[in-house]
Amino acid sequence: MGPSARAIAEQASFQAFLHCYLQEVDFGQWQVASARTGDVSGRFLGPWVCELVLGSQRSRLAIDVLYRSAVGRHRYGRVRQWLEARHCWSDIEPFQALCLLVRELYSLSAGMVPELRKSRELEFLHRLTDSYGVMIRCVEHRRGDAALRDNRFIASEQSLLFGHATHPTPKSRQGMAAWQQDAYAPELAGRFRLHYFLVHTACIEEDSDAPLPAHTMAETLLSLGQGSLNLPEDHYLVPAHPLQADWLLLQPDVMAAMDQGLIQPLGALGPEFSATSSVRTVYNEQSEWMLKFSIPVKVTNSLRVSKRHELKAGVAMSRLIRKTGFANTETKFRIIEDPAYLTVQLPGQRESGFEVIFRNNPFPRGQDAGIVSLAALTQDPLPGRHSRLSSLIEGLALNENRSMSAVARDWFQHYLDCAIGPALRLYDDHGIALEAHQQNSLLDISGGYPQRCFYRDNQGYYLSQSRREELLSLCPDLRETPELFYRDAMIRDRFCYYLFVNQLLSVVARLGGDGFLPEIQLLKHLRHFLRSQRATLTGPALALVTMVLEDSRLPYKGNLLTRVHDVDELNADLEMAVYTSIANPLYRLDQSSQTSSRMNTMAEVGHDVA
């Protein structure tokens with residue numbers, strides 16, 4: 001039978017939370033398991049034990065470490081708690097350990113008003129249990145589904161049962177009721193029709209860098225080639241996510257516009273769509289566009305609404321990227337543009353809630369095979385199964401009659417060439433950096449090895465202030481989106497986290513954790529690649545790569561600390577989450593390589609990043 005869906009979800013929740021805690025709060029005290037004479041033998045299955053002190057509770061936790069990662073992506077087993085009153089260790093459930101760690105976090109929050117601290121602690125616990133509950137449902141529904149191994153675009157988008165691997169509440173979705181999950185949660189593979197509103201043209205705001213205006217795109221979307229819809233001349237269609245439509249119909253300003261005849265709800269119409277991994281972006285295999293909506297749901301940290309400047313940014317960046325000629329020079333890397341938007345203007349409101357972004361769909365039926373996000377490739381597998389990347393490497397090795405380590409090394413190089421190198425050159429040549437984390441980065445693995453990388457997300461562009469005039473001359477529309485420009489020092493921190501720490505190190509950890517190559521070897525390979533890249537750089541990416549190669553610490557987005565302080569990063573100034581730093585696993589490779597024993601090498605580097 002194997003473990004229950006609840007047990008799988010509980011361990012996965014613990015894995016994600018503890019990763020954040022060790023990176024952001026407390027590195028822990030690491031010991032070789034066999035040296036712990038005070039414990040009952042056989043309690044720990046892994047070679048390492050990590051202890052965390054719960055000072056405010058006069059207690060400690062001892063965590064079984066099944067795999068110790070050189071880049072901090074450890075795997076955990078059982079948890080034991082020190083009971084001071086009984087002067088002994090006792091096994092506890094992972095979720096109980098999570099609650100103890102949350103209590104400890106808030107006891108450390110000095111300067112926070114007691115009532116505010118308690119309110120935020122309760123909110124955190126609510127999101128933690130919500131995430132845990134959603135994960136149980138996803139595992140129950142999908143654990144036996146063969147589509148979890150399907151490499152078609154939408155199947156892989158809907159395969160993330162465990163969610164954001166470096167977030168303490170990876171499946172938290174406040175605002176989406178349990179009964180709505182079946183239809184709208186991507187992991188449950190539901191399909192649904194969009195809702196449409198007929199809106200007077202006087203209330204419409206739109207822009208487009210696509211061949212068609214946004215309102216025509218909406219009409220074409222509904223008809224899908226079935227001819228004219230015979231709409232009134234002075235009205236346009238505005239599509240909406242069903243959750244968005246339900247919210248809109250309860251808003252006083254929308255109801256007032258309906259009373260005036262400016263807005264008419266038409267209900268659910270047209271073809272069915274599927275949610276992609278972001279929840280609010282939807283896909284139909286016959287449509288030229290995906291659609292990204294504002295929905296009244298908090299996913300992980302933030303309420304997922306599109307701001308007015310983000311609508312404009314998508315169109316402006318589509319124009320800018322086209323004018324740079326980047327797509328012509330970097331054929332292995334493609335940016336999926338968000339070239340059009342459509343929304344409704346209501347009196348006194350900057351955003352009305354009707355916002356919809358049109359995203360190019362490069363993966364229609366027949367062109368969707370082998371398109372998988374880095375998040376899906378590197379996700380931990382269900383118990384007793386191989387990771388998606390592991391299965392891919394094993395299949396290639398069998399077909400080529402080569403060792404899996406040799407195939408893994410070549411696969412890693414192909415990945416670096418199509419996903420990392422071009423992103424660095426885009427920043428170096430044009431001053432454009434990307435929020436290229438695991439979920440925003442897709443690989444074309446239709447041939448087994450990565451052939452192309454796709455980047456998505458119009459909320460994830462950072463333009464170098466030092467290239468401002470050059471970029472404005474290419475695309476004057478950028479004058480309307482000044483918030484896209486950042487100092488290079490800030491860009492380095494964000495780009496370093498998203499491209500290297502979040503995305504690239506997850507690939508290192510997956511290949512190492514699956515046993516294909518020691519992480520130390522992969523890090524040495526990465527260092528050689530970055531040194532070769534640095535020799536060709538002359539712009540702002542030079543300082544970034546030098547930082548990654550030489551600094552002792554790297555910037556790190558503190559998803560746990562952001563959650564503790566209840567920061568909605570999409571609504572914060574500069575969309576700023578809480579940032580901290582972690583030890584750089586590349587920094588001490590030279591010293592580590594001098595150690596003769598591989599285990600000792602792993603222990604030394606692991607101690608730096610634990």
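Reply: Arg468 lies over the face of Phe485, 4.4 Å from the ring centre. A charge counts as sitting over a ring if NZ of Lys or CZ of Arg is within 6 Å of the ring centre and within 35 degrees of the ring normal. This is a predicted model, in which local features need pLDDT of at least 70 and side-chain atom pairs count only at pLDDT 80 or more, while totals for chains, interfaces and linings use all residues. Residues are numbered from 1 along each chain as its sequence is written, and side-chain values use heavy atoms, with hydrogens and water left out.

Arg60 lies over the face of Trp82, at 5.0 Å from the ring centre. Rings of Phe, Tyr and Trp (its six-membered ring) pair if their centres lie within 6.5 Å; planes under 30 degrees apart are stacked, over 60 edge-to-face, and the rest tilted. Trp82 and Trp89 make an edge-to-face pair, 5.5 Å from centre to centre with 65° between the planes. Trp82 counts as buried because its relative accessibility is 11%, and Trp89 counts as buried at 13%. Buried means under 20% relative accessible area, exposed over 50%, and partly exposed in between (1.4 Å probe, protein chains only).

Phe363 and Phe454 have ring centres 5.0 Å apart and planes at 80°, so this pair is edge-to-face. The pair links distant parts of the chain, 91 residues apart: Phe363 is in the loop between strand S17 (356-360) and strand S18 (371-373), and Phe454 is in strand S21 (residues 452-455). Helices (H or I, at least four residues) and strands (E, at least two) are DSSP runs, numbered from the N terminus. Both Phe363 and Phe454 are buried. Elsewhere, Phe17, Tyr21, Tyr106 and Phe124 form one aromatic cluster.

Next come the cores. A nonpolar core is a set of buried Ala, Val, Leu, Ile, Met, Phe, Trp, Tyr and Cys residues joined through side-chain atoms within 4.5 Å. The largest has 88 residues, and Phe412 and Tyr415 are among those with the most contacts inside it. Helix H15 (residues 488-513) supplies the largest share of this core, 15 residues.

Tyr415 is in helix H13 (residues 404-430) and counts as buried because its relative accessibility is 0%. Beyond its neighbours within four places in sequence, Tyr415 is in contact (heavy atoms within 4.5 Å) with residues including Leu374, Leu443, Pro450 and Leu504. Gln451 is 36 residues from Tyr415 in sequence, yet the two are 7.9 Å apart in space, C-alpha to C-alpha. A second, separate core of 45 residues includes Ile8, Trp30, Trp48 and Leu161.

On a 1 Å grid over the protein atoms alone, a cavity is a set of points where a 1.4 Å probe fits but cannot get out, and lining residues have an atom within 4 Å of a point. Points are joined across faces, edges and corners, and a volume is the space filled by probe spheres set on them. The largest cavity has a volume of about 170 Å³. Its lining has 14 residues, and Arg149, Ser159, Gln379, Asp380 and Pro381 lie nearest its centre.

Key: On a 1 Å grid over the protein atoms alone, a cavity is a set of points where a 1.4 Å probe fits but cannot get out, and a pocket is an open set with protein on both sides within 12 Å along at least five of seven lines; lining residues have an atom within 4 Å of a point.
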